[in-house]
Amino acid sequence: MTDPDLHARALAAEAAANNDATGWFERLYAEAEAGEAAVPWDTRVPHPLLVDWADAVGLHGHGEPALVIGCGYGDDAEFAAARGFGVTAFDVSPSAVAGVRARFPESTVDYVAADLFELPSAWRQAYQLVIEIFTVQALPERLREAAVAAICETVAPGGRLIVIQRQRPDGPAPEGPPWPLTRADIDLFTANGLAAVQIELLPDASGNGARWRAEFRRPVAQ
Ligand SMILES: C[S@@+](CC[C@H](N)C(=O)[O-])C[C@H]1O[C@@H](n2cnc3c(N)ncnc32)[C@H](O)[C@@H]1O
């Protein structure tokens, strides 16, 4: 097995050469399901900055609907379900969805294969909590505005969106993936009908750079 990061980047580069921004995720997860590769972001725990935020705001869903974007192997979705939300979690990779269903066979989470850029119309402004961790940064910058708009579109009036992403300073974009976000990128979330509640720049526990943790809300009267 090769270095997981290098292998993922090689798959992404190959897909990019074919003008395909997302096909490499399915290839990677299919290989992982076959035991032939490792998924570099598969930590097997909910993101610590999500857990920390949930504790700080006293998060409890009381059965309200939540949506997890690009859910991968489901740790953040299971965390939201444990906090009392009725969770739908989706990923563009059918193999990831099959893998997470097998991993949590008793789960209350509805795991679905879906593309952020072609979401069901029933999901429009339907979720009281939306969790977006590392999907936007995994997509090329040319898709950034569309990705952010699609995520914002799922937040219900009065609902909240929590976003966690790698930070990058202003200046030339790195050769991704990932393509970390500038402050201007984070501000795109407020260009889509949401208001910023809190935007923080926090050190990552791994010591590997900084992370944005940003909370947004859709105003009730819209
Ligand atoms: C870097 S991973 C992060 C996974 C997970 N959110 C986490 O933090 O561990 C990005 C995830 O987004 C998914 N993804 C990428 N493009 C997508 C799209 N267009 N629609 C839905 N999911 C997508 C990938 O399959 C992958 O699971």
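Colleague: So how much space lies in the largest pocket?

Modeller: About 1200 Å³, where the volume is the space filled by probe spheres set on grid points joined across faces, edges and corners. A pocket here is an open set of points on a 1 Å grid over the protein atoms alone, where a 1.4 Å probe fits and protein lies on both sides within 12 Å along at least five of seven lines. Bear in mind that this is a predicted model: local features need pLDDT of at least 70 and side-chain atom pairs pLDDT 80 or more, while totals for chains, interfaces and linings use all residues. Residues are numbered from 1 along each chain as its sequence is written, and side-chain values use heavy atoms, with hydrogens and water left out.

Colleague: Which residues lie nearest its centre?

Modeller: W41, D42, I133, F134 and Q137, out of 50 lining residues, meaning those with an atom within 4 Å of a point. Elements giving two or more residues to that lining include helix 1 (4-17), helix 3 (48-57) and strand 4 (127-133); helices are DSSP runs of H or I with at least four residues, strands are E runs of at least two.

Colleague: And by class?

Modeller: The lining has 29 nonpolar, 10 polar and 11 charged residues. Asp, Glu, Lys and Arg count as charged, and Gly goes with the polar ones.

Colleague: OK, where's the ligand?

Modeller: The ligand takes up space in the largest pocket, going by the rule that more than half of its atoms lie within 2 Å of the grid points.

Colleague: Which elements give two or more residues to its shell?

Modeller: Helix 2 (23-33) and strand 2 (86-91).

Colleague: How many residues surround it?

Modeller: 17, and the closest are Y29, G70, D91, L116 and I133; the cut-off is a heavy atom within 4 Å. By class, the shell has 11 nonpolar, four polar and two charged residues.

Colleague: What about polar contacts?

Modeller: Taking N or O pairs within 3.5 Å, the side chain of D91 has an N or O atom 2.6 Å from a ligand oxygen. A ligand nitrogen is 2.9 Å from a polar side-chain atom of D115, and a polar backbone atom of L116 is 2.8 Å from a ligand nitrogen.

Colleague: How much of the ligand does the protein bury?

Modeller: 94% of the 590 Å² that the ligand exposes when taken alone, by Shrake-Rupley with a 1.4 Å probe.

Colleague: Switching topic, which residues does a cis peptide bond join?

Modeller: G176 and P177, with omega about 0°. Another cis bond joins P177 and P178, at about -5°. P177 sits in the loop between strand 5 (155-166) and helix 7 (183-187).

Technical notes
A polar contact is a pair of N or O atoms within 3.5 Å; within protein, one must be able to donate a hydrogen and the other to accept it, and residues adjacent in sequence count only if both atoms are side-chain atoms.
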